[in-house]
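I opened this entry to keep a record of what I looked up, starting with the whole chain and then turning to two residues.

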Amino acid sequence: MPKPASVTKKRAVRGSRTGRPIMALLDLLGRRWSLRIIWELREASLTSRALRTACDEASPTILQTRLTELREAGFVELVAGDGYRLTELGKELQENFLAVHHFAERWSKRGTG
């Protein structure tokens with residue numbers, strides 16, 4: 001599988017003049033709705049409409065833009081008659097975020113003070 005263009009060409013991305021892989025990934029995932037889309041696709045494929053509903057009625061234009069970007073990066077694929085789903089690479093990324101999810105759960109239960 002070819003690497004995303006933003007990684008192989010070392011082009012500048014937001015927050016980095018070098019285009020290092022971590023910076024390119026953080027740039028993509030830092031865009032509005034990117035992480036939410038990956039999170040919502042963690043358990044099952046979703047149609048565009050179902051995904052939009054799961055994403056709190058995100059703008060259809062923005063949602064389609066993010067889906068295109070995530071498809072180009074190899075994290076999401078569109079399956080005819082089934083909708084959008086995570087690729088194996090997307091599943092691997094999502095699994096890596098489970099630790100952050102568990103941390104967030106613990107963090108939200110901490111006492112203030």
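I took contact to mean heavy atoms within 4.5 Å. On that basis, residues 24 or more positions apart account for 38% of the contacts in the protein with a separation of 6 or more.

I noted that this is a predicted model, in which local features need pLDDT of at least 70 and side-chain atom pairs count only at pLDDT 80 or more, while totals for chains, interfaces and linings use all residues. Residues are numbered from 1 along each chain as its sequence is written, and side-chain values use heavy atoms, with hydrogens and water left out.

For the fold, I counted 6 helices and 2 strands, in the order α-α-α-α-α-β-β-α along the sequence; helices (H or I, at least four residues) and strands (E, at least two) are DSSP runs, numbered from the N terminus. Of the 113 residues, 31% count as buried, where buried means under 20% relative accessible area with a 1.4 Å probe, protein chains only.

I then looked up Leu-51, which lies in helix α4 (residues 48-54) and counts as buried because its relative accessibility is 0%. Beyond its neighbours within four places in sequence, Leu-51 touches Ile-37, Glu-40, Leu-41, Leu-46, Leu-63 and Leu-67. I also read a C-alpha separation of 8.0 Å between Leu-51 and Leu-41, which are 10 residues apart along the chain.

With neighbours within four places in sequence set aside, Glu-69 is in contact with Leu-28 and Arg-31.

Conventions. Buried means under 20% relative accessible area, exposed over 50%, partly exposed in between (1.4 Å probe, protein chains only).
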